[in-house]
Each structure stands twice: as C-alpha cells, then as structure tokens.
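Biologist: I would like to learn to read a model one feature at a time. Show me the structure, then let me ask.

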Amino acid sequence: MNVVSPVSGAPCAFKGCRGFFYPGATDVGIVLCPPWGPEELSARASWRRLAEAIAAAGYPCLSFDYPGTGASLGSMTGITDIAQWTQAADAAAGFLRAYSGVKQFVFIGQSLGAVLAMEAAAGRIDVATLILIAPATTGAAYVRGLMALTEQAGERGGLDLAGYSLSAPMLASLRGLDPMRSGTGSLKSVVVFDRPDRKAGAHVSEHFRRNGLASSLEIIPPSDGAEPGARPPGALPVPVESIVAALMTSHPPGERTSLPRLPCLPATLRAASFREEPLPAGPDGQYRGLLCEPPHPIAGQPVLVLLDEGLTPRIGWRRMAVDLTRALAASGHASLRLDIQGLGDAEIARAIGHAVEALEARGAIGIAVAALGPAARLALAARDRRITDVIAIDATNLAAETRPDGASSLLALVTSEALSRRPPPGEERTLFFQDLASAARHHGRRAIRDRAESLLREALERLKSKLPASLRALILRDPGPARVKRLFEGLAQAGTRVSLVYSGDPASLRELASYFGGFGRKLNSPGCTVWLMPGDSQDPTAPEAASWLLDHFIDVSRDMSRQPAPVDRQAAA
C-alpha cells in the first residue's frame, strides 16, 4: 500500500461533543473510544498519534470527548447515565458517515472505552470489527478497579480520582453495564490487545469466539525490558504500528495516490452562557486553539490566552482550563485555550505569537497570557508588546534557556517535580542504591552509569536551589540569576503587567525565594505582583484555589478593558 504522508485533521462538533475529524479514502470509518479520567489524560498524545497514523493509512477517522469530559459540553458530575457515553459513540459513527460517506465501521477502544465500544457496536448493524486495548470485562469490574485506586469518596456517594469525578448515579449506571450480554450486532471480527498478567482480555476474546466471531488475543510485550505491568498507567500500551497493522489486516485499504480533502465541518459548541469555536493560528492553522466567548461577544474586547499543556503532575488541569474559560465567558469575558502539548519551547513561543496575530485579526484589544508550571516561564519570555498581562501560576525553571524545537517543556516540569519530592534524610542513600539495582536488573552496566550521573545531577541541582541568587552567581558562576533579572527587566520595559501566582507549592516558592527572597520581597519590578492562593492543598486545581483563580482572571480581564489599546509605535512610524 502507498501511504502518501500524515493527514491533518480538523476540529468538529456534534451532539454537544468536541471531536477531531481525519479524512480518508476508504469506505471503512474508524471511531476512537478513549479511556476515561487520568488514563485519558496521560494517553491523549498517544491517541492523537494513533488517529494521525490511521488517517495516513487511508481510513477516515474520528476521535472525540465524551459528554462532561475534555472539551465537550457538560460537567463531570452532571453526567448521570453511562448511556450518554455509549450514545455519544453512536453519534460519532453517524457524524463520520455523514461527512465521509463510509459504509461500515471499526470501533477502537481502551479500558472503559473498550467497554463502551462493545456496547455501542452491539446496537448497530454496520460495525464490522472491534479493536480492544486492555479492556475491562464489565462496568462493575471497571468500577472496582477505580475504587481500589482511591480512598476519597466524592460528593453524595460519587467518586473522585486525581481531579476527576463521577456522580453516584453515574457509578450505579456504570456498574450495570455488561456489554457481553448485549449481543454482537453485525460484528465479524475482534482483536484484543492485553498484557499477559491480565485475564480480562482473554475472557473478552473467548466470549466473542464462543459467539462465532473471528477473535484473536494479541499479547502486549513488556516495554524496555521492564516487568509486565510496569508501563505508566493510562499510556497507550500498544505500539501505534501494531494497531494500524491489525486494522489493515482486517480491512485492507487499497492503493492511494493522493490525500483526501477535508469537508466543511460544523465546529462551534453552544451553551446558554458561552459559545466555543476553533481558532487556527499560524501557517495552515498548524496551532490549535479553542476560542470561548460570551453568547453575544462584543467587538474589541480583551482576550485571556491559556497555554494548555494537558498532561501535568497535577492531574485535572486540562478540564480545569475548560471550566475556567467557560466560567469567564459566563461573566462576559473571552478566552483562548491554546494547545501546546508536545511542542518544543521555541515552537511554543511561535504559537503564542501566531495566536496573538489571529486574535488581533478578530479585533481583540488587550491580550493576557496565563500558564502553569514551566509553561509559565514561556509566557513570561514571550517578549510580545501586544501582550499586556502575564499570569504565571506556580512558575518554575525561570532561568532555563529556551530549548530547541522538539524538546518539550513538560520534561522540565517532570524534572522539577522529581527534585521537589526529596526523601527524608536517612532514606536518600537507600533509595539511591535501590534505583541503581533496578537499573542494573533491567538495563545493565551502561544504565547504572547513566542513572548514577542523573542522580548526582539532581542532588547538585537541589544544593544549588538552596543558595541565594547572589552566591550562586558569585561562587558557582551560575548564569541563572542574571537571566531571571533580564527577564523581568524586559517585561518592565515592555510595560507588561505580571501576576506571579503561587498555590503554596514548595518547589516554586523555593525558586522564587532563591532569586528574590522569601515570597519575592526583593522583587522590585514595576507592574509585577506576587499572589498566594487560599487553601492548604498546594494545588491550583483544588476548588478553593480554582475559584480564587477565576476571580483573578476576571479582575485582569476587567483591568484590560479599562486600559487604552496598545500601540505598536514602530509600525505606526
């Protein structure tokens, strides 16, 4: 088969769900049913790569968010019946058929998404194949797994897990979900991928085999020599190439010499208090943003841009960004969620610039940028005079140099979080040797040396972070303090107002103190203010902190509305 090149998709909207449509030339359409909650968040980048690979192989493909999740309409606890999610999968197939002309479908699902794919396929007469990745057998089995991961009960008997919630009625509905009692519909074949240490995949595969279908069980090999089950939870456990190969075996796509064209897709989501539409930015719309506005936007209003990185150690930020922007719209203010997941630092800077240009073209007057963690440093370093305000939340790695394209700022966040989780004084030596022993067991002598060097570098970084900035510059000749000083001097010269917001996170407060004294008392930068969120959770996604952050966003938006529009003096001359 001749694969021309990767296919770019486009955002779409159907039945209150946000989706992404990828065109293709075959008459077999692929519907992707993602996992839920923390699993979906950590696997989202993998699912995007899978969708692109499927489309590149010639198949029309649709990925989507269930109601109350991701960028779809609804709140997490407002979903009360699992049928709302199976109906969304059914609606996704109908949408894909309407805009691609496919005649039959393959549903691909992971974890809970695999259960939903089975249930949705049972009610249709045009689903030919299921590809199931680490499936649960029933909704009740899935709920038992969730309960084993959390000791925190949700409101009124619901469930809270790492920032994600299910209502009590939703849990009850999910417990009653048993797709293996719903029949097999028009299915002809099933491919199940699962680990050798799980029995669920074998059970599901055997169920379909007993019902006369061609069913195969593919064992997922351990990754990088690790033991079975050692993969990060939620990440797509199967190589994308293996899934595409299974798809092409069951439904060969045929020859293809040109790329299909995207149809004109509906893409605006509307609710009583907001409207949300895609805002492509940059050449060929390569950067993805979602503009959230009041139902009747006013021309010339300011816009708050949130750099949305998706995966952070504080699970829940992606949905928090959705909730914040929609609450802003309900209060009469516009915002843009700019997707920077997987971008290198230099590319993020370009994405910010292109987003500002796109907003200006729509008539926005006054633009603020808000970001969390190391992405906050990139917002501070944007150096764009059209940006009037920057809100940096738990900013870390302020002195880091801009990394080249392809180097994700998420790496810095993971590193800074690892450095902040310092073990108690008597345990460091034990953990050091345990870590080296683990490296030796799985990877050999080279891994021992590399891991030892990594641990020593981390210890050195912890030691450096405790020294005042002046001593670091004098004794260690650390360029970091001078770099941070130039950063804030440049913001002051540009007239950019800066809010340094802290949730109480020790790592970010320690970094602030190392440059500007405790709580930034020596920070003498005009227009720069340091704020501490209320609450003791040290988590900006906690309800009290998130409510405060919304009020702060509203205050900044109101202040921008009162300020005169910035003038580019060089362009005017």
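Biologist: Is Tyr-66 buried or exposed?

Modeller: Buried means under 20% relative accessible area, exposed over 50%, partly exposed in between (1.4 Å probe, protein chains only). Tyr-66 has 2% relative accessibility, so this residue is buried. Phe-64 is buried too, at 4%. This is a predicted model, where local features need pLDDT of at least 70 and side-chain atom pairs pLDDT 80 or more, while totals for chains, interfaces and linings use all residues. Residues are numbered from 1 along each chain as its sequence is written, and side-chain values use heavy atoms, without hydrogens or water.

Biologist: How do the rings of Phe-64 and Tyr-66 pair?

Modeller: Phe, Tyr and Trp rings (six-membered ring for Trp) pair with centres within 6.5 Å; planes under 30 degrees apart are stacked, over 60 edge-to-face, the rest tilted. That rule gives 11 aromatic pairs here. In the pair of Phe-64 and Tyr-66, the ring centres are 5.4 Å apart and the planes stand at 90°, so the geometry is edge-to-face. Both residues belong to one aromatic cluster, together with Phe-14, Trp-85, Phe-95 and Tyr-99.

Biologist: What fraction of the residues is buried?

Modeller: Of the 573 residues in the protein, 52% are buried.

Biologist: How many helices and strands are there?

Modeller: Helices (H or I, at least four residues) and strands (E, at least two) are DSSP runs, numbered from the N terminus. The protein has 18 helices and 19 strands.

Biologist: In which order do the nine strands of the open sheet lie?

Modeller: Strands pair if DSSP finds at least two bridges between them. The order is β11-β12-β13-β15-β14-β16-β17-β18-β19, with mixed pairing. At the edges are β11 (269–270) and β19 (528–532), each pairing on one side only. β11 runs antiparallel to β12 (residues 275–278), joined by two bridges. There, Leu-269 faces Glu-276 of β12.

Biologist: Why is β16 described as largely enclosed?

Modeller: Six of the six residues of β16 (367–372) are buried, so the rest of the structure largely encloses this strand. Ile-367, Val-369 and Ala-371 cover one side, and Ala-368, Ala-370 and Leu-372 the other; all are buried.

Biologist: Which strands pair with β16?

Modeller: β14 (303–308) pairs with β16 in the parallel sense, over four bridges. Leu-306 sits opposite Ala-370 of β16. β17 (387–393) also runs parallel to β16, through six bridges. Leu-372 has Ile-393 of β17 as its bridge partner. From β16 the chain passes through helix α10 (374–380) to β17, a right-handed β-α-β crossover. Right-handed means that, with the strands pointing away from the viewer, the path from the first strand over the helix to the second runs clockwise.

Biologist: Now the loops. Where does Thr-496 lie, and what does its side chain reach?

Modeller: Thr-496 is in the loop between α15 (480–494) and β18 (497–502). At 6% relative accessibility, Thr-496 is buried. Its side chain reaches the backbone oxygen of Ile-387 at 3.5 Å. Contact means heavy atoms within 4.5 Å. Beyond neighbours within four places in sequence, Thr-496 is in contact with residues including Ile-387, Thr-388, Asp-389 and Val-390. Leu-491 and Gly-527 are also among its contacts.

Biologist: Is Ala-299 buried or exposed?

Modeller: Ala-299 has 77% relative accessibility, so it counts as exposed. Ala-299 lies in the loop between β13 (289–293) and β14. Ala-299 and Ile-365 are 66 residues apart in sequence, yet 8.8 Å apart in space, C-alpha to C-alpha.

Terms used: Polar contact = N/O pair within 3.5 Å; in protein donor to acceptor, adjacent residues only side chain to side chain.
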